[in-house]
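I opened the notebook with the model loaded. These are the entries, in the order I looked things up.

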Amino acid sequence: MENKVIYEKDLNLEATELRLGLPGTKKPEKQAPPSLKTSNKRALPDMNEESGSGNNSSVSDDGKSDRETAPAPKAQVVGWPPVRSFRKSCFQPKKTEAEEGRVYLKVSMDGAPYLRKIDLKVYKGYPELLKALEEMFKFSVGQYSEREGYNGSEYAPTYEDKDGDWMLVGDVPWDMFISSCKRLRIMKGSEARGLGCFL
Amino acid sequence: MNYFPDEVLEHVFDFLTSHRDRNAVSLVCKSWFKVEKWSRHRVFVGNCYAISPERLIARFPRVRALTLKGKPHFADFNLVPHDWGGFVYPWIEAMAKSNIGLEELRLKRMVVSNEGLELLARSFVNFKSLVLISCEGFTTDGLAAVAANCRFLRELDLQENEVEDRKGQWLSCFPDSCTSLVSLNFACLKGEVNLTALERLVARCPNLKSLRLNRAVPLDALQRILMLAPQLEDLGTGSYVHDPDTETYNKLISTFQKCRSIRSMSGFLEVSPLCLPAIYPICSNLTSLNLSYAPGIHGDELIKLIHHCRKLQRLWILDCIGDKGLGVVASTCKELQELRVFPSDPFGVGNAAVTEKGLVAISFGCPKLHSLLYFCQQVTNAALITVAKNCPNFTRFRLCILDATKADPVTMQPLDEGFGAIVQSCKDLRRLSLSGLLTDRVFLYIGMYAEQLEMLSIAFAGDSDKGMLYVLNGCKKLRKLEIRDSPFGNEALLTDVGKYETMRSLWMSSCEVTLGGCKVLAEKMPRINVEIINEYDQMEFGFDDRQKVDKMFLYRTLVGPRKDAPHFVWTL
């Protein structure tokens, strides 16, 4: 690792430099190369790799831009950072929710004796969701079209949105659907067919 | 030498408040020893295993206020197994049996049981003050016993304890006749509280100066409580969440305007930032502010708040304040003496918004700063050198870089020079915690310059035994040394064994010390307990002296190996 000579001149580090020899003796040798790899102390898992990566490129004042690259996921070291367990336990609940991000929803089917629960986050889009529902409740959902809803089936998958309205599954983009869907209901029979005619 | 009657000596000794002064006085001659012994009311025991309750009572029979500390400091960070020890029950039992007139008990990192609290409440008629810090082992039932039985209770202060909340009615157990409370802090309790009982308690305690509520106390209850106690000087809010467009919030605003005595605030365990303006009128008088448990406040909102706090002397805050926010602190809080910046992400995954820049700004703006705890993303030698120059008055300096072995990000050098500048400049430094990439050189500096250092914390630092030896040889006033994950071994441990009798304790974990080395030490020093803590490899205990010791804790003691050690602790 080369020395950043330019930086030292700017800050006039010599003026505040610590010297350990007797007055009048030569400057003691200053650098040991940063012993990232040669130290015989117990290495932290994954931690040493970060300090060498990508920071040589800029001596900019904006330290923040150097840190943009997301740190590699580190192994958790017991007791580091040294924060009291009590404090950690106060912050913990929020973190797990964000980390897991599961969205469990109830799914009911007309005529079925009990409801089911699914995790919406598991599916990447409507086709996967519908297929899972078909398998779960042993029915067929038919063909979706924007104009007519689900053709060729007695059933219609619907959902209750944030405003409490029952909507047909499939009309809005998937992401919007995930964030607004509160529960699912697979309607059957005349009720289902009625959806298309109401407009 | 007895020119004065004992009463006169005793009267003179009354003016000595520090333990060290009183200890010194008792060494002068036999009659001074006797007078001092019978007039000593306040006793401090830094390690509960250094002395036994019986011997303490024999030595200071008139003790009224006792402070006890139990587990080693690293227990705070889960490095000490749960049942290691530190039980307070034997102390309470012994004092009860000897009819000690105990009035105050202050415990840190100890195991407290409900039985202990019940015995305490029943045994000491004049009991006035219970302060528990980082303790565990009790439930709210124990608190109920204290509330019900301590008729003259003035202070019940629970700080960061792990308390099992039985959701009982412990607050209702304060009898109607209890009107003596001056300080009540139950912020660390997680469960529901009987709000009516709380309000009635506050209403009948006219001397209540300090009140810290828990999360279960909502904002409307806070408003009613403040109306009942406008004389409060220290307030910890509970849940500070509300819709600002309401009658309740408006009432709160005018209530806060009536609280002219509040000098210290904390809490905000849940926050609606839009409700913060209600406290702006109080901010101008605040000398102490703790927002370190308030994760919901963003940097900009913190900055707006800080602008009102010109008299602040102590500030505890989360790193979401950012370097920019610390700049605002620097230009606003000219009286600042103590600053603690905690990580908003205590699992260290690295969203920290503060770097050395914030610290440098503070050092320029706050010349009275003497106590620092700073969790940050990175630090440079240049910054530390600047801080050292600007703030030569540090007595406590604890720097924690979240990536424990991170070098100076600009020069890629170790941080030896930076910390060296701190110890050289701050001649009164008593406590120091290091982090970042560090070689033996930093310890050379510490040994040379840190003449007043009493406590040193080392993690992931150093290259060889020389590092530890520099410290042991150089720091004459060292009392507590705690080291983890550093390459110090038997040579460092054994070169000067006499040193450990001048210290309270030494902790070494994940270092290079072997079982054989520890055995040699224990053999040479009979008045030191050398404990090997070995949670996992119990079967291999003691068979191979070359085996490295995972955790070692040694401390001076007058009473030999303790009898309450669990099976995984082996005193050599």
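In which helix of chain B is E491(B) found? I found E491(B) in helix α19 of chain B. Helices here are DSSP runs of H or I with at least four residues, strands are E runs of at least two, and both are numbered from the N terminus.

**Ground rules.** This is a predicted model, where local features need pLDDT of at least 70, side-chain atom pairs count only at pLDDT 80 or more, and totals for chains, interfaces and linings use all residues. Residues are numbered from 1 along each chain as its sequence is written, chains are lettered from A and ligands numbered from 1 in the order in which they are written, and side-chain values use heavy atoms, with hydrogens and water left out.

**E491(B) and its surroundings.** I listed the partners of E491(B), leaving out residues up to four places away in sequence: it touches D465(B) and L469(B). Contact means heavy atoms within 4.5 Å. I also checked L432(B), 59 residues from E491(B) along the chain; their C-alpha atoms are 24 Å apart.

**Helix α18(B).** D465(B) and L469(B) are among the buried residues of α18 (residues 465-474), along with G467(B), M468(B), V471(B) and L472(B). Buried means under 20% relative accessible area, exposed over 50%, and partly exposed in between, with a 1.4 Å probe and protein chains only. The cover over these residues includes α17 (440-449), β20 (455-459), β21, α19 and β22 (505-509) of chain B.

**Helix α20(B).** I then took residues 515-524. The buried ones are L515(B), G516(B), G517(B), C518(B), L521(B) and A522(B). Their cover includes α19 (490-494), β23 (528-533), β24 (551-556) and β25 (569-571).

Most residues other than glycine have a negative phi, and most peptide bonds are trans. I noted the exceptions below.

- D485(B) is not a glycine, yet has a positive phi of about 50°. It sits in the loop between β21 (480-484) and α19. D485(B) is buried, at a relative accessible area of 11%.
- K138(A) has a phi near 55°. Its loop runs between α5 (126-137) and β3 (143-145) of chain A. K138(A) is exposed, at 71% relative accessible area.
- W80(A) and P81(A) are joined by a cis peptide bond, with omega about -5°. P81(A) lies in the loop between α3 (63-66) and α4 (85-100).

**Confidence in chain A.** I checked pLDDT, the predictor's confidence in each residue from 0 to 100. Chain A averages 65, and 51% of the residues score at least 70. Residues 1-10 of chain A fall below 50, with 16 contacts in the model beyond near neighbours in sequence. Residues 94-100 of chain A are also below 50, with 4 such contacts.

**Chain B as a whole.** I counted 20 helices and 25 strands. Why call the radius of gyration of chain B consistent with a compact globule? A compact globule of 572 residues would have a value near 25 Å, and chain B has 25 Å, so the two agree. The radius is taken over C-alpha atoms, and the globule rule is 2.2 Å times the number of residues to the power 0.38. The C-alpha trace spans about 70 × 65 × 60 Å along its principal axes. Buried residues make up 61% of chain B. Of its contacts with a separation of 6 or more, 71% are between residues 24 or more positions apart.
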